[in-house]
Amino acid sequence: MGALNKFEEYYSFLFEIAPDAIMLIDPETGSILDANHKSTEMFGVSHAELCQLHVRDFYHPDQPDHRSCEESFGEHAALALAGIEQVYHRHFVTQDGKNIFCEVRVARFPFEKRKLLRVSLIDITDRLREEEALKESEAKLRALFNSSRDAIGVAKDGIHLFANPAYLELFGYQSSKELIGTVVLNCIAPSHRKIMLENIRRRTAKEVAPDFYESRGLKSDGTEFPLEINIGTYELHGEVYTVASIRDITSRKHEEKMLKESEARLSSFFEGAPLGMFRSTLDGHLLHVNRALATMFGYESSDEMIRLVNPPGIAKVLWESSEERSAIIEKVKAAMGSYCQQEFRMSRRDGTSLIAVISVALTHDSSWPEAYLSGFIQDITERKTAEVELLKAKEAAEKALAIKSRFLDIAAHELRTPVTVFSVTLQLAEKQLEKGQSVEPSILRRLRGQADRLSHLVVDLLDVTRITRGLVVLNCSRIDLVSLIMECLDDFKIQAPTRRFIFRNPEHSIEVTVDPLRIRQVLSNFIDNAIKYTPEDSSIEVMIESMPEKLRVSVKDNGAGFSVEQQQELFKPFTRGSSDREVRTSGLGLGLSICRGIIELHGGSIGVVSKIGEGSTFYFDLPREGIQI
Amino acid sequence: MKKTILVVEDDNDILFVTKAFLEGQDYQVLTAENGADALQLIQQHGAPHLILLDMKMPIMDGWQFAGEFLDKYDHLSPIVVMTAAGNAEQRAIDIGAKGWVGKPFDLDILLSKIKQFEK
């Protein structure tokens with residue numbers, strides 16, 4: 001009996017501490033005969049109260065199968081009594097009105113020859129709620145998964161487990177059957193498999209692996225495309241699963257490529273432009289320069305220019321006047337978005353100047369944190385120089401034209417005078433002859449004089465034309481310069497017997513290689529001028545000066561002299577030094593320009609030393625070594 | 001009494017021939033090589049019956065001479081311009097001369113011009 005009691009105590013204890021609510025129920029009436037602690041807890045009543053109650057007292061009227069308590073209990077009780085344990089679900093209402101959902105297990109329980117029912121209840125209200133929540137969540141995820149435009153796939157150990165429709169579509173599979181179970185790498189272009197394999201290995205080994213990267217995909221038809229992969233992993237039952245979200249970036253890649261090409265085009269435009277281009281900060285720190293600009297300022301490369309210019313900045317290095325630069329910055333700021341153009345004198349690296357036109361604008365964009373200057377610099381030095389040259393040439397041409405026109409005026413007068421003399425003299429002679437008178441020899445002499453005058457004019461004109469056109473050829477020989485001068489002076493002594501000539505020669509004979517006729521022409525011209533333009537009583541002095549490398553022959557007179565301005569014009573053609581108004585002279589004013597041409601042909605030079613009121617010394621220098629032909 | 005003609009001309013040869021021709025035509029001829037000499041002659045000998053005047057001369061040219069002569073003597077002596085310029089007539093009008101001959105001139109035409117002013 002003692003042992004039995006022990007068993008009873010033991011089972012009673014087990015009954016009491018059981019985690020499920022366990023009740024003994026009379027199958028005939030449905031009355032609760034006994035209940036454990038969990039049962040009282042579940043329904044919120046005391047043990048004594050519970051044992052007074054009936055199954056139907058807790059039965060919820062609204063059941064999943066719409067069956068009444070009697071119906072349901074009757075059926076399950078009968079089957080349980082027949083030895084078939086019943087498991088089903090029922091809603092119950094606790095004492096305080098709470099609805100609970102329980103798993104009900106009903107089994108027969110023979111007790112003291114009676115057939116009772118053991119009913120155990122497990123409250124699955126929370127579990128049900130969780131399951132529903134899970135189902136809902138699953139449905140949402142599924143919808144998301146299925147409707148996502150990103151391709152999403154799940155893999156384990158590099159094998160496809162799931163894939164959403166977008167994934168199938170992206171890789172060109174008709175159904176998930178075709179894909180599931182295949183190797184993930186099949187969807188990656190062969191060229192990118194090695195990297196992908198390494199990533200899979202790392203991820204499986206739980207090492208650090210990139211979770212966002214670009215790769216190349218391979219469609220089932222063999223075409224490749226650029227893709228972007230976002231990888232996540234999760235662990236379930238100790239296994240690592242990989243979730244990949246994949247996006248086709250063909251169009252983005254295309255745009256990137258276009259952008260790169262566009263940048264490359266712009267960059268090559270900037271670099272290759274024949275115009276200097278730059279970007280700088282407002283305070284003159286160079287940001288970019290192109291090759292043309294670097295070359296313009298004498299730098300090897302754009303980088304070198306930026307490196308060498310930057311510490312002091314462009315205002316100090318490139319501008320000749322940094323104030324001028326400040327002025328254009330103010331102008332640019334005031335122009336508000338419009339560009340300014342100005343001409344500056346700037347400095348090259350070697351310190352030489354250049355004239356440049358700068359077109360500059362204030363620019364504000366994302367490439368630099370503050371407003372900066374961008375612009376072009378064009379080197380117009382050559383153009384400017386050409387303009388100046390052109391202006392000079394124009395002035396020279398205008399002057400030449402004026403001189404020629406004045407010359408024509410003089411020439412007309414000079415030519416018409418002898419013609420007039422011929423005409424009127426011949427008319428007079430004719431009249432005298434008609435009257436039977438004789439013609440005086442003096443008239444014929446005058447005619448000859450005028451013929452000589454005309455002849456000289458023509459010779460001068462021919463000479464100046466031939467010298468200007470480089471047609472004069474010297475007929476050189478080795479002669480004694482002293483003798484040449486003396487012979488020339490002898491002729492003048494006959495022509496102008498009243499004049500006093502002085503000849504100063506340091507040596508008895510000086511040999512030179514010259515064209516004697518031409519040198520004599522020059523000397524005669526000098527002496528002739530001296531005679532024409534000096535008072536009768538003054539002497540004319542001719543001298544030879546021997547210098548280390550040259551011989552100087554000069555003719556000095558006591559005439560009126562020439563101003564510096566007049567001296568500059570003397571040796572140019574069609575000019576006459578002395579004013580026409582003061583002294584009566586004939587000739588075209590070509591003599592000295594012809595002389596200059598002759599002396600220059602000899603490799604020498606010609607000049608005058610003179611002062612107003614103090615006479616003049618005309619000279620020519622001949623190289624001692626003789627002329628270089 | 002012979003009529004006096006003053007020839008003002010810087011070219012010695014033209015002066016010589018003109019003088020010889022006019023003397024042959026029974027004129028008394030005075031000559032001057034520039035305007036200044038001419039004015040001096042007029043001051044010494046009084047105004048001539050006619051002045052033959054070259055324009056381009058050193059020291060004092062025809063323009064200056066005509067200006068000063070007209071200032072002092074009005075049209076006491078008619079001036080006939082002798083010039084090589086193409087626009088001889090205009091030059092004559094410019095300086096208030098009564099007539100002109102273009103260089104080179106015909107001696108008979110010169111004579112007929114002179115005769116015009118004797119009437």
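I started with strand pairing, which I call when DSSP finds at least two bridges between two strands. Helices (H or I, at least four residues) and strands (E, at least two) are DSSP runs, numbered from the N terminus. With that in hand, I saw that strand 14 (residues 353-363) of chain A pairs antiparallel with strand 15 of chain A over eight bridges. There, Val357(A) faces Gln378(A) of strand 15. I also found strand 15 (residues 372-379) of chain A paired antiparallel with strand 11 (residues 276-281) of chain A, over six bridges. In that pairing I noted Gly375(A) as the bridge partner of Phe278(A).

**Ground rules.** This is a predicted model, in which I count local features only at pLDDT of at least 70 and side-chain atom pairs only at pLDDT 80 or more, while totals for chains, interfaces and linings use all residues. Residues are numbered from 1 along each chain as its sequence is written, and chains are lettered from A and ligands numbered from 1 in the order in which they are written.

**Confidence.** I read pLDDT as the predictor's confidence in each residue, from 0 to 100. Chain A averages 85, with 95% of the residues scoring at least 70. Chain B has a mean of 89, and 99% of its residues reach 70 or more. For the complex, the predictor gives an ipTM of 0.88 and a pTM of 0.46. I flagged residues 578-584 of chain A, where pLDDT stays under 50. Where pLDDT is low, the predicted coordinates should not be read in detail.

**Chain A overall.** I counted 19 helices and 22 strands in chain A. Of its 629 residues, 25% are buried (20 or more other C-beta atoms within 10 Å of the residue's own; exposed is 12 or fewer, partly exposed in between; C-beta atoms are placed from the backbone).

**A five-stranded sheet.** Next I traced an open antiparallel sheet in chain A with the strand order 2-1-5-4-3. Strand 2 (32-35) and strand 3 (86-93) of chain A are its edges, each pairing on one side only. Strand 4 (residues 99-111) and strand 5 (residues 114-123) of chain A run antiparallel, joined by ten bridges. Val104(A) sits opposite Leu121(A) of strand 5. Helix 4 (residues 69-81) of chain A lies across strands 3, 4 and 5 of chain A, at about 35° to strand 4. For angles, I use lines fitted to C-alpha atoms, for helices over the stretch in contact, and values from 0 to 180 degrees between N-to-C directions.

**Cores.** Which residues have the most contacts inside the largest nonpolar core? I got Ile5(B), Val8(B), Leu52(B), Leu53(B), Val80(B) and Val81(B), in a core of 39 residues. Such a core is a set of buried Ala, Val, Leu, Ile, Met, Phe, Trp, Tyr and Cys residues joined through C-beta atoms within 7 Å. Helix 1 (residues 12-24) of chain B gives the most to this core, with six residues. A second, separate core of 35 residues includes Phe571(A) and Leu590(A).

**Interface.** Contact means C-beta atoms, placed from the backbone, within 7 Å. Chain B brings 17 residues to the contact and chain A brings 19. On the side of chain B that touches chain A, helix 1 of chain B gives the most, with seven residues. I sorted that side into eleven nonpolar, one polar and five charged residues. My classes take Ala, Val, Leu, Ile, Met, Phe, Trp, Tyr, Cys and Pro as nonpolar, Asp, Glu, Lys and Arg as charged, and the others, Gly among them, as polar.

Technical notes:
Contact = placed C-beta atoms within 7 Å.
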